There are 2 protein chains.
Amino acid sequence: MRKFINDPATFVTDYLRGLAAAHPGIIRYDEENRIVVRSDAPVKGKVAVMSGGGSGCEPLHTGFVGPGMLDAACPGQIYTSPVPNQIMAATRAIDGGAGVLQVIKNFSGEVMNFGMAEEILALEDMHVESALVNDDVATKDSAGRRGLGGTLLVEKLAGAAAERSYDVAAVKQIAERVNARVRSFGVGLSSCTPPDRGRPIYDMPADEMDLGIGISGEPGRERVPLRSARDVAGLLVDEVTRDLGPARGARLLVLVNGMGSTPGSELYLLHGEIANALRSRGFNPCRAMVGSYVTALDQFGAALTLLEVDDELIELWDAPVHTAALRWGM
Amino acid sequence: MRKFINDPATFVTDYLRGLAAAHPGIIRYDEENRIVVRSDAPVKGKVAVMSGGGSGCEPLHTGFVGPGMLDAACPGQIYTSPVPNQIMAATRAIDGGAGVLQVIKNFSGEVMNFGMAEEILALEDMHVESALVNDDVATKDSAGRRGLGGTLLVEKLAGAAAERSYDVAAVKQIAERVNARVRSFGVGLSSCTPPDRGRPIYDMPADEMDLGIGISGEPGRERVPLRSARDVAGLLVDEVTRDLGPARGARLLVLVNGMGSTPGSELYLLHGEIANALRSRGFNPCRAMVGSYVTALDQFGAALTLLEVDDELIELWDAPVHTAALRWGM
């Protein structure tokens, strides 16, 4: 297997140890409870923001723990939701008395396990709220839309609001406002290889692309011939804006997100075409973020996430953040 | 070809446009001269620091232009040095009257083209100095060692010194001190696919690793069976420390660098093992940086770079920087 790995069974633990060892100033890894927590948690009087999900999507969520973003993250096994015990331990570890917001991606396992944890925590003296993320325009089945790259934006903006002393209702309201105005669509150029499987989940010819992929190695909804980056950019912009429906002149935060193995040069190339496509359709791409932030192990591919922003959201976006994967202003 | 690309002939230009469009506040792309320049250049009275090299190693160097690091970068075609005209145009664009330091990786084409540019610039009223980077412990041929991940550290630390108003001799002295105390060694798990070739440069089985790779798709010096991440970490640490020879207790800045397609989770996993191996050998890994910073297109693989640091170098490392690929403190 073409990976730097000791043993598939310890992949997630080994990753978490290496992450914590690289960022001792901002996070600690609580190995007993299998959670990543902000070093100085709980922060008294601050609303705490947390999330969790299957591993394999790194740096989501563990790479986003730190001042200005998440107070804790609960990593599950590869592509598997965290269990309620992790979620409860993380919530207790970060509660600073001002309430906790749980950011939950709309996957059935996550919704169920966060819900179970919330029921138990309701018996304790804590104010726990939750916010759902479901930004994927490709899924329209009964379970509803999946949470994709929009999760990163919800976590950054809710985290910044909490850092600025918004109360828990106001932090939740920011998360809900972001989720209401964010949409994503992903394109895969390959499958990915989970460590315990040792080979790609499915085969894919090098000249095809898979439209509407998720972040857990799921195939897309349609397989078509791979086209030029310009055409792919146009397709991504059309898929996302058709659903988001931004007004002419709308200010957009643009996330061009790699799926794990696509190099930065290709993502920036794609970003250039996406920015052109947005401008030619009358939109105003005012903030850009390009890189592999919400991934699917070693998959080749990319996703476009667009968030329609206003002055308050721009200010929260620009606010300082210090995590393993996202850092500025501090 | 499994890439987001319009046309192999415009790959570099399209990438540079997309990069500049994403970071309008910090860089501009001068398309006529094919250089990436800090937006506010020339900065009067500040020593300017620049570099250049073949494209395909992104984010090196174009992703490191901005306050606190490089004033300009000259990207060549894929794996091909920039031409003297680019180097001259960049030097003139950034000279703020306090001198210019050119950071040159030890590849014959780069040394030759920077040298030609320097000869012509010597006739103009500018103080141009240069510093060579040759940190690769795997190459021991007549051309000397290649410049690898150490380049990023030279650029960050010389850039920080320039930002702190060191004069040109002092900035050059920092670059030389860093180069004297930095070493790298890379391991490849695959080849890479240049856009104009459309297929990997060479074949490689999924269960082998290539010891001593470069950053231009060159194969290593020896092909061996792939081992566990723990064993790979031990091998990397031994190769680098044997040559660097740090004293017991030496403080080390650790760069675990991906080659383009290796996911962050594997790099962090490898970092954990490297940090353990360093501590068990009596060294003090005091700063860590984990990610794909000096790459070879879509190659799977990783390299370890170790820099022995002192108080001044740590302070320069921690100093604010704002570039596309490296950002903190601003």
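Which residue of E4(A) does A:Val36 stand opposite? A:Val36 faces A:Ala73 in E4(A), where strands are DSSP runs of at least two residues (E) and helices DSSP runs of at least four (H or I), numbered from the N terminus. This is a predicted model, in which local features need pLDDT of at least 70 and side-chain atom pairs count only at pLDDT 80 or more, while totals for chains, interfaces and linings use all residues. Residues are numbered from 1 along each chain as its sequence is written, chains are lettered from A in the order in which they are written, and side-chain values use heavy atoms, with hydrogens and water left out.

**Interface of chain A and chain B**
- The contact (heavy atoms within 4.5 Å) takes 48 residues from chain A and 48 residues from chain B.
- About 4300 Å² is buried between the two chains, 64% of it on carbon and sulfur atoms, buried area being the accessible area (1.4 Å probe) lost on putting two parts together, summed over both.
- On the chain A side, A:Arg2, A:Phe4 and A:Tyr268 lose the most area to chain B, together 22% of what that side buries.
- The rule finds two salt bridges across the interface, taken as a side-chain nitrogen of Lys or Arg within 4 Å of a carboxyl oxygen of Asp or Glu.
- A:Lys3 and B:Glu266 meet in a salt bridge through their side chains (3.9 Å, N to O).

**Sheet in chain A**
- Six strands form an open sheet of mixed pairing, in the order E1-E2-E4-E3-E5-E6, with pairing requiring at least two DSSP bridges between two strands.
- Strand E1 (27-30) and strand E6 (128-133) of chain A stand at the edges with a single partner strand each, so one side of each is left without a neighbour in the sheet.
- Strand E2 (residues 35-38) and strand E4 (residues 72-78) of chain A pair in the antiparallel sense over two bridges.
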